[in-house]
Amino acid sequence: MMPDQQTTSNTWDSCYADLHIHIGRTSRGEAVKISGSRDLTFENIAREASERKGIHLLGVIDCHSPVVQMDIEQLLENGTMSELKDGGIAYQDTTILLGTEIELREPEMREYHMLAYFRDLTTMKSFTEWMKRYMKNVNLSSQRVYVSSLEMQAEIKARGGLIVPAHAFTPHKGIYGSTAPRMADVLDTSLIDAVELGLSSDSSMASYIQELDQLPFLTNSDAHSLGKIGREYNELQIAHPSFDEFSMALKGQAGRSIKANYGLNPRLGKYHRTYCAACGSIMDEQAMSAERCPYCGSTKLVQGVLDRILAIADRESPHVPEFRPPYHYQVPLEFIPGLGKAKLRQLLEHFGTEMNVLHRTSEEELASVVGPVLASLIVAARNGRLELSSGGGGTYGKVSGKETD
């Protein structure tokens, strides 16, 4: 899927997009993502993204659920939202793409997760009707579907959908991290539209694997609470936020593109390094053993993303294709030491959204609201210059509050 260099207009705009957000509950309190926050409803997600985060293209990943579809239909009927002609659900200046996260498992392999996006609610409901014949509870998030991966791909593509393997490198149900050393062992790679890297990897790490050279990368939050929306996100060059424009950006068509990926430094991710389940130690670069924990001797190790990538790499060093957009390390505002709820509220009152604070506000302007120390840390976070410690075993890495040289 090399980018198409054809350009037909110069009317593109820059749009921030987070394309993996879960529904915790419906407006009636029905559970969808059991581990998700209760206030993660379809309407609350749209409001949070539009009014607080400044993210204008969202992927909500539980829209296959009939109880979620009831919420969407009610919002369309009362005029709170509307369907766009070129795909997606409009709320104020934000567009929601209707997505689903599916769990699949091939014989003799472990399970993995796949994301799929559809153009409109009618198409999503058609997919639900097909899928519910092969799963135990269609109303819940990320449930196992008892069909082959190739059959699933065929059904998604028959409905004009987009296919994205989810958090591809994590040991918790990522296709590389959990299932196989090569995606082609499981899927028809010609039908894949993009790959979601996950919180513990970046473009350079993924570029150890040759079969990914032709595929675009996405960086998404996988948010299980409103505050985590925009923890990782993408900058798209598109005319306006919609399904069709997003699809063109993935293909690099008519001047549309993924302009940049913004994500945590992989060291902050929960699964970056190998973790000892016996003593809780995280293996760092100086204390790594492939077979047993150097601290307690246990063999109960959960392989981290970096260590898994190095184990399955088919290159000695990463090769990043020329078309690949830059990957910017960025610490979310909530990670910054000393930036509590009161200070963040002051920033949002002055500058509108978190995207404005992170991208469009000078250090001097920030200092006028929260003082020079916090302003300096926000700019250092913006530029990936905060000192970090590695995460692993389901625990995030930490930000020290000190700047690196």
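Let us start with T353, which sits in the loop between α9 (341-351) and α10 (354-359). Helices (H or I, at least four residues) and strands (E, at least two) are DSSP runs, numbered from the N terminus. This is a predicted model, in which local features need pLDDT of at least 70 and side-chain atom pairs count only at pLDDT 80 or more, while totals for chains, interfaces and linings use all residues. Residues are numbered from 1 along each chain as its sequence is written, and side-chain values use heavy atoms, with hydrogens and water left out.

**Two buried residues**

- T353 has a relative accessible area of 11%, so it is buried. Buried means under 20% relative accessible area, exposed over 50%, and partly exposed in between (1.4 Å probe, protein chains only).
- Leaving aside neighbours within four places in sequence, T353 is in contact (heavy atoms within 4.5 Å) with S50, E51, R52, K53, G54 and L348.
- V67 belongs to helix α2, and with a relative accessible area of 12% V67 is buried.
- Not counting residues up to four places away in sequence, V67 touches T26, R28, E30, V32 and N139.
- The C-alpha atoms of V67 and C279 are separated by 42 Å, and these two residues are 212 residues apart along the chain.

**A loop with two histidines**

- H167 lies in the loop between β7 (162-165) and α5 (175-179), and H172 has its place in the loop between β7 and α5.
- Is H167 buried or exposed? H167 is buried, as its relative accessible area is 8%.
- H172 is partly exposed, with a relative accessible area of 46%.
- H172 touches H167 and Y271, not counting residues up to four places away in sequence.
- H172 and E111 are 61 residues apart along the chain, and their C-alpha atoms are separated by 9.0 Å.

**Positive phi angles**

- Most residues other than glycine have a negative phi.
- H167 is not a glycine, although its phi is positive, at about 30 degrees.
- D222, in the loop between β9 (217-218) and β10 (233-238), is also a residue other than glycine with a positive phi, near 55 degrees.

**Helices that pack together**

- Two packed helices are described by the angle between their axes and the distance between the axes. Axes are lines fitted to C-alpha atoms, for helices over the stretch in contact, and angles run from 0 to 180 degrees between N-to-C directions.
- Helix α2 (residues 66-77) packs with α3 at an angle of about 160 degrees, their axes 11 Å apart. That makes α2 roughly antiparallel to α3. Angles under 35 degrees count as roughly parallel, over 145 as roughly antiparallel, 65 to 115 as roughly perpendicular and the rest as oblique.
- In this pair, P66, Q69, I72, E73 and L76 in α2 meet L121, M124, K125 and T128 in α3. The residues of the contact of α2 with α3 divide into five nonpolar, two polar and two charged. Ala, Val, Leu, Ile, Met, Phe, Trp, Tyr, Cys and Pro count as nonpolar, Asp, Glu, Lys and Arg as charged, and the others, Gly among them, as polar.
- Helix α3 (residues 121-131) and helix α4 (residues 149-158) have axes that come within 10 Å and cross at roughly 150 degrees. That makes α3 roughly antiparallel to α4.
- On the α3 side, F127, W130 and M131 meet E151, M152, E155 and I156 in α4. The residues of the contact of α3 with α4 comprise five nonpolar, no polar and two charged.

**Nonpolar cores**

- In soluble globular proteins, nonpolar side chains tend to be buried together.
- Which residues have the most contacts inside the largest nonpolar core? They are F42, M152, F169 and L212, in a core of 96 residues. A nonpolar core is a set of buried Ala, Val, Leu, Ile, Met, Phe, Trp, Tyr and Cys residues joined through side-chain atoms within 4.5 Å.
- Helix α12 (residues 372-382) gives the largest share of this core, seven residues.
- Apart from this core lies another, of 20 residues, among them L19, L97, L162 and L236.
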